[in-house]
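Please view the sequence and the structure before reading on.

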Amino acid sequence: MSAEPGSGKLVVDVRILNDGEDDAAFTFPEKLTARAGNGDSAQILVLMHEAGAAQSVTVAPHTFVKALYVLAGTSALVGMTLSIPEWKSAEVRVGTPNEPTSQALAEAATSPAPLSTGVTNPAPGDRKVGNAFIDNLGPYEPIYAVYGPGTNTEARIQISFKYRLFGSRREHGLAPSWRDGLHFAFTQRMFWDVGAESSPFRNIDYLPELFYLAPPVVLKDGLAVSGQIGVRHESNGRAGLQSRSLNSIYVAPMASAALGGGYRLLVGPRLSFLIGDKSDNPDILRYRGATSLFMELGKEDGLRLSTSTRFNFSSGKGAVGVDLSYPLNRLWSGGPDLYLFGQGFTGYGENLLDYDRKATRLRIGLAIVR
């Protein structure tokens, strides 16, 4: 991929290689979502396929085809790096037509791309080999371990992931489908009473869910909107009086805006509707409510503040959770790729077992996903 302004517009030369032994059909999408950045600053752009050019092509074995994508009004992008996240493309620098860096990119684009020979001797322990759909796996909610002494839930650990059930048709050169947005997700929250005898887990919450995530729509001034609708089950796997379980359907619109200085603001309200048997905890809505609001402000590679609020307007009860994170390798040169992670909570229902108990918690630890 190469990128160069010309005649007041950005021209992106995209090349697709067929490293197989048979002819392959490929369809260039009408629109491509690209990311333009410069240091801490980043913005989302929409590139349009060249007008009048063929979108569906056949690529012969060991050859490539190219297409041009354009974006008008690009003077502010000169000097930035451009990439297409959906295609996992390398970053290229946007230069002026006479700039050596830009010329080098253009020359490189005219040479055939190297053929992929495949993996003939994978590294021992590489679990991606033989797992064709591992690229469908991704992060969902934060993954962390935090600790704060003095309570019966001193430590809190969370793991979470999502899986794209049908993959992405666009990644295979096919027209996008609504099935691309179907996901399965699983989150597990563990509350550990480290200070008690034998250090038991006070409670473990399990949250599997099935949801549809709409593709983002980029509006003017760097504003992007999306939405999610899903079905979630929550339980703590216990029996008797300590059993907690509920099922819900939720709707969650989302919007993000690029702010000055490389900061981004994300806002996501959520409305939930309980379904099915509520006998384990019939009054849970009194304490947790059916509405929540998630907000996040921060930089991609800097400080980030996230808040999650639940509330019931009729009972006046709810909760507020706050996460504050910072890349550890920016504090400690050469340090591990982890985040320093601080967490605060006040209100009702930090976990399912204690949904009707008010608590305040402060913890600090490390995260691998924030």
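## Charges over rings

A charge sits over a ring if NZ of Lys or CZ of Arg is within 6 Å of the ring centre and within 35 degrees of the ring normal. Arg270 meets this rule over the face of Tyr250, at 3.9 Å from the ring centre. Arg286 lies over the face of Tyr287, at 5.8 Å from the ring centre.

## Basis of the model

The model is predicted: local features need pLDDT of at least 70 and side-chain atom pairs count only at pLDDT 80 or more, while totals for chains, interfaces and linings use all residues. Residues are numbered from 1 along each chain as its sequence is written, and side-chain values use heavy atoms, with hydrogens and water left out.

## Overall fold

The protein chain has 3 helices and 23 strands; helices (H or I, at least four residues) and strands (E, at least two) are DSSP runs, numbered from the N terminus. The chain has 370 residues, of which 37% count as buried. Buried means under 20% relative accessible area, exposed over 50%, and partly exposed in between (1.4 Å probe, protein chains only).

A contact means heavy atoms within 4.5 Å. Among contacts with a separation of 6 or more, 55% involve residues 24 or more positions apart.

## Aromatic pairs

Rings of Phe, Tyr and Trp (its six-membered ring) pair if their centres lie within 6.5 Å; planes under 30 degrees apart count as stacked, over 60 as edge-to-face and the rest as tilted. The whole structure holds 9 aromatic pairs. One of them is the stacked pair of Trp192 and Phe201, with 5.0 Å centre to centre and 20° between the planes. Trp192 counts as partly exposed because its relative accessibility is 30%, and Phe201 is partly exposed at 35%.

Tyr287 and Tyr348 form a tilted pair, 5.3 Å centre to centre with 50° between the planes. This pair links distant parts of the chain, since Tyr287 belongs to helix 2 (residues 284-288) and Tyr348 to strand 22 (residues 339-348), 61 residues apart. Tyr287 is buried, with a relative accessible area of 14%, and Tyr348 is buried, at 15%. Phe161, Phe184 and Phe186 form one aromatic cluster.

## Nonpolar cores

A nonpolar core is a set of buried Ala, Val, Leu, Ile, Met, Phe, Trp, Tyr and Cys residues joined through side-chain atoms within 4.5 Å. The largest core has 21 residues, of which Phe28, Leu47, Tyr69, Leu82 and Trp87 touch the most other members. Strand 2 (9-18), strand 4 (31-38), strand 5 (41-49) and strand 7 (63-72) each give two or more residues to this core. Apart from it lies another core, of 6 residues, including Leu246, Tyr287, Leu352 and Tyr355.
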